[in-house]
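These are my notebook entries on a structure that I looked up. I record the terms alongside the entries that use them.

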Amino acid sequence: MLGVTAAVLVIAQATTLATVLAEAAGGHLDRAALAGFLGSVAGRAALLWAQGTVAARAAATAKATLRADLLDAVGRRGPGWLSGQRTGQLATLAGRGLDALDAYFTGYLPQLVLSVTVPLAVLVRLFFADWSSALVIAVTLPLVPIFGALLGWQAQAATERQWRRLALLGGHFLDMLRGLPTLHLFGRASAQVTVVRRMADRHRQATMKTLRIAFLSALVLELVATLSVALVAVPVGLRLLGGGLALETALLVLLLTPEAFLPLRAAGSQFHASQEGLTALDEALTLLEPEPPAPTAAPPTASTAAPPTASTAARPTARTAVALVDRECDLQPWSGRHDEIRFESVTVEYPRTTALRDVTLTIRPGERIAVVGPSGAGKSTLLHLLLGFVTPSSGRITVDGTDLAALDLARWRRQLAWVPQRAHLFGTSVADNIRLGAPNAPLAAVREAVRAADLTEVVADLPDGLDTRLGERGHGLSSGQRQRIALARAFLRGAPIVLLDEPTARLDAGSEAAVLAATRRLVAGRTALLVAHRPTLLAEADRVLRVEDGRVTEQQSAAVEITTPPREVVG
Amino acid sequence: MRLRPERTVWRLARPYLGRLLGAGLLAAGTELAGLALLATATWLLVSAAGRPPLDTLTVAIVVVRALAISRGVLRYTERLAGHDAALRVVTEVRARVFAALAARRTTAARRSGDLLSRLVSDVEAVQDLLLRVLVPGAAATLVGLLAVAGASAVTPLAGLALAGGLLLAGVALPVLAALLTRRTADRVAPLRGALAADAVDLTTGAADLAAFGATESALAGADARARELAALERRTAALGWAVDGLGVLVAGATSAAVLTVALRTGVSGILVGVLAVGTLAAVEAALALVGAARHWTRLRTGLTRVADLLASDLSGSNPSASTPSAADPSASDSSAADPSASDSSAADPSASDSSAADSSAADFLAADPGTPTDGPASTPGAEPGDGSPAGGIAPRWHCRIEEVSLRYRRSGPPALDGVSLDLPAGRRIAVVGPSGAGKSSLLAVLTGMVRPDRGRVVYDNVDLSDLPVDQLPRIVGGLLAEAHVFHATARENLLLGRAGANDDDLAGAAGAAGLLDWVRQQPAGWDTMAGEEGGQLSGGQRQRLLLARVLLAEPAGILVLDEPTEGLDPGAADAVLASATAHAGPDRTVVLVTHRLAGLDRYDEVVVLDQGRIADRGSHAELVGRPGWYRDQWLRQTGAERDYLAITG
């Protein structure tokens with residue numbers, strides 16, 4: 001529709017202008033034709049405006065939808081689906097990557113339509129006006145896409161990608177900037193200026209080498225277009241001279257010929273501009289492709305009448321809080337009376353490795369179990385199984401005899417508090433970060449959690465106390481303080497089962513002591529699974545499990561006596 | 001509107017003005033050729049209709065054909081010339097930015113990785129400014145002026161009408177477009193930023209959200225922001241595209257006006273057509289300024305940041321800011337005049353030139369003046385201390401830290417609070433304490449990376465700030481917390497410590513750091529790539545590489561080591577620390593910052609820092625003997641480590 005209207009307007013504009021010019025050659029002003037010309041120009045202007053607006057709106061909607069779908073996929077598939085690389089890719093894509101789609105929607109797509117309708121319409125019009133010129137154009141016109149394909153829009157896009165990569169390398173400018181403190185220390189900073197310059201210059205030479213070829217295709221296309229104008233104009237002029245052609249027709253041919261080539265060439269150049277957007281789109285669609293069998297939690301067997309378990313951790317707001325299998329006796333948060341968690345021959349296989357092999361173990365209520373073993377042995381996988389981030393490849397996990405896979409995951413997770421190795425802090429206030437698992441907790445409860453996590457002084461030192469907004473990824477807090485925020489989260493969650501994944505990793509001894517003391521308070525009276533890489537946590541455990549090469553063995557007595565008496569523990 | 005950033009770019013671009021001018025003229029030529037092609041063709045047709053003799057048209061026929069070819073060729077050369085000139089300017093800007101940062105020894109360390117990434121793209125903005133704003137803008141202006149002149153030659157009134165249209169298309173609309181772009185950007189930018197943060201939170205924090213049942217509400221928040229952004233984009237789209245629509249309208253209307261005026265003033269019929277068609281082409285060329293204005297608006301933020309960074313460098317301490325060769329743009333220009341010559345002279349003889357991108361990635365440190373093959377004699381940029389690390393510097397240095405205090409933020413707590421330390425040559429001192437006690441700050445002050453607010457650091461009775469900048473690294477050096485592994489080979493990373501080192505030296509240092517076995521296992525040996533930020537190495541290998549580089553550097557006076565065994569298991573940590581300390585020799589002072597207390601009994605003194613003050617000091621035996629932080633830590637660590645080894649071993 002849009003393409004047809006545009007084509008009609010192009011022809012109308014050229015026809016009226018040709019008439020005006022032909023009349024003007026005789027010294028007359030053809031007012032009607034001039035008005036027609038202005039009218040068609042106004043029409044083209046309006047059309048461009050409408051088309052741009054519609055395309056930009058479509059782009060905005062498409063981006064919003066894709067963003068929502070991408071983020072939804074993250075939420076739906078859960079953290080088990082996110083690998084390290086995927087995380088970065090998704091964050092970039094959902095953040096700024098999709099904005100590159102603008103060029104595709106507002107530039108390439110409309111131009112693609114025009115490049116079909118306008119040349120066709122022009123050819124038809126010219127056949128009626130002057131068939132021999134139309135023939136010349138009909139022969140030369142296909143040269144544009146043919147040459148385009150021959151020289152390769154694709155190839156050019158590839159070279160431009162290469163060019164971008166070169167620019168990115170930029171002589172490793174960024175690497176040098178990052179290493180500046182090191183260069184300073186070794187007294188090489190000023191000497192390296194020469195190297196930066198030389199590398200940038202070499203980068204320029206490499207870039208120019210690619211560009212000389214990349215621009216060649218544009219040159220050929222432009223030559224085809226302009227030469228065919230000349231090819232049409234000169235014989236038409238000669239035929240005019242011979243009196244075989246009306247001036248008006250000749251002018252129409254001259255004005256319409258470039259219009260036939262323009263959309264094709266524009267589409268070609270827009271194609272390059274929209275490549276980035278297409279790549280982003282491609283990435284998004286690949287990420288959104290359905291995963292091969294992802295054993296999800298069984299459909300919630302809805303019995304909405306089931307009374308919500310009286311739990312302080314209950315969150316009335318959770319939209320997904322659909323009642324699960326109706327079991328009343330399980331999961332009594334504070335009493336610790338929930339029954340055993342059993343791993344029955346659980347094996348977890350990742351695409352390349354087997355994380356856990358045939359693990360059978362029982363976690364009794366109130367037990368505090370330390371998990372040790374070399375890094376990469378599968379310790380974290382144990383916790384991720386309980387969290388529902390990964391599902392067993394074979395075997396099963398039962399809570400009070402019910403398969404974990406049959407439980408409503410959101411409901412089950414409310415029984416858990418998790419302190420990961422590196423908790424993610426969100427760009428909100430300290431209080432909201434602590435409230436992550438209990439968004440409606442009153443301020444007094446937050447303060448209580450802060451005290452329990454030994455954060456009172458830290459919070460007091462912050463400019464706005466609990467309302468201080470944390471910067472990018474918790475910037476502004478030390479690792480020890482961040483870890484204690486995560487502990488405060490766990491305190492406020494008030495869940496009966498706590499899962500701690502090396503909470504003291506990467507902490508110096510001072511911070512470790514503070515985190516450790518808070519950890520002691522947290523695990524008191526709860527069922528706890530503590531992954532321990534550093535030795536200090538072992539003191540808290542009733543039992544020690546050793547994970548090595550995916551196999552879990554029980555260590556004999558872990559009644560480890562630490563040389564120093566543990567500090568006073570507040571239960 | 002202040003044009004300071006543009007002036008800065010202009011000043012840097014001055015050596016390449018000829019090239020830029022050439023590119024601009026070529027661009028103008030391209031546009032003119034297109035305009036002339038249409039105008040001549042029109043003239044040809046309208047004249048032919050009057051049936052003159054053929055030979056009056058032959059010139060026009062030739063001109064039409066010539067213009068048709070020259071337009072494409074002109075465009076091709078213009079794009080190449082423009083890119084070449086712009087890239088040359090970017091080279092200059094990169095070198096200047098690096099030099100400006102390099103000149104600030106004390107603040108460079110304080111920039112975060114994100115800021116640096118942004119700086120890199122800011123520098124790229126210079127290229128866009130030249131290629132997408134300056135060159136096409138100048139070309140459109142020139143074409144417009146010439147078109148007005150041409151039209152006025154026919155009849156002044158038509159020239160006036162054309163000038164009016166060009167002012168609308170080339171000034172009013174671009175200004176409007178720039179204003180709209182800025183206004184939209186001001187409103188969209190915060191939302192985009194929030195959305196980017198959402199994306200990071202939802203992906204990086206996915207596990208936290210899921211475990212705490214907060215995924216749904218976070219998703220809802222992000223979705224709401226995405227919708228808000230989309231709504232805003234939809235609202236602004238109509239206004240932005242109205243400018244483009246107006247452009248088309250202005251072109252047609254101007255053409256009609258010129259035609260009417262020309263007819264009224266009795267211009268010959270042949271020229272009326274030429275004027276009308278030429279006007280259309282000229283106004284359309286001027287409309288390129290709308291796009292240029294939009295680009296310019298988007299680029300300004302980045303350009304301003306670059307200009308701010310370079311401002312002090314350009315106006316003030318220009319000579320001291322960079323090495324002589326870097327400060328003299330003509331030096332690089334002369335070599336650049338002959339690309340093949342500069343290519344061969346710049347290329348490292350050992351580097352293959354087969355893949356440009358990879359070789360430029362690989363040999364950036366080997367291409368340094370002090371390549372091992374060069375020998376110390378031919379190293380103009382870095383002759384100090386190349387061949388022999390201690391060359392000319394007295395081997396024994398006595399350093400004193402006197403009453404040093406330091407605050408990073410005025411209102412914040414002090415990082416160091418009146419710390420004094422005496423470091424006679426050959427002394428072994430360990431600095432311990434809780435995190436945030438000021439341990440790393442002490443090393444930063446000692447190495448001159450940070451200037452203390454009060455107090456001073458004295459080397460052999462010379463104040464550190466009075467020492468020549470190039471001498472300090474030869475006196476004091478070592479492993480600091482922010483040590484960087486470059487995206488280069490293991491050899492190049494090590495050579496940074498001592499440019500003239502041979503393979504035996506490398507092996508010696510690598511052996512002491514426990515890296516040698518790994519190097520021998522690698523198929524590429526010393527030429528194994530470390531990856532971006534050392535990403536190809538494991539944490540332990542990275543740490544050993546950094547340590548080996550420090551040992552190779554052999555600063556004459558003081559060796560500082562900030563957590564040198566981080567990431568190593570207890571057994572390896574003990575061995576590496578012992579051999580590194582032994583490698584330092586009897587004359588060199590060693591200052592070790594560590595959280596691990598094992599092995600400190602071999603140190604002369606242990607200093608316990610707390611909240612920027614020296615809380616306790618003494619030998620290991622003394623400190624373990626009396627109650628306090630040190631004894632608590634020692635007992636906890638040894639006991640726990642023993643138990644841990646017993647259980648896990």
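I call a residue buried if 20 or more other C-beta atoms lie within 10 Å of its own, exposed if 12 or fewer, and partly exposed in between, with C-beta atoms placed from the backbone. The model is predicted, and local features need pLDDT of at least 70, side-chain atom pairs count only at pLDDT 80 or more, and totals for chains, interfaces and linings use all residues. Residues are numbered from 1 along each chain as its sequence is written, while chains are lettered from A and ligands numbered from 1 in the order in which they are written.

Entry on Val258(B). I located Val258(B) in helix H7 (residues 215–264) of chain B; helices (H or I, at least four residues) and strands (E, at least two) are DSSP runs, numbered from the N terminus. Val258(B) is buried because 31 C-beta neighbours lie inside 10 Å. Beyond neighbours within four places in sequence, I found Val258(B) in contact (C-beta atoms, placed from the backbone, within 7 Å) with residues including Ala151(B), Leu162(B) and Thr279(B). I also looked up Ala512(B), 254 residues from Val258(B) along the chain, and their C-alpha atoms are separated by 84 Å.

Entry on chain B. I noted 23 helices and 10 strands in chain B. Of its 649 residues, 54% are buried. Among contacts between residues at least 6 apart in sequence, 75% join residues at least 24 apart.

Entry on chain A. I noted that Leu66(A), Asp69(A), Leu70(A) and Ala73(A) in H2(A) meet Ala284(A), Leu287(A) and Leu288(A) in H12(A).

Methods
Contact = placed C-beta atoms within 7 Å.
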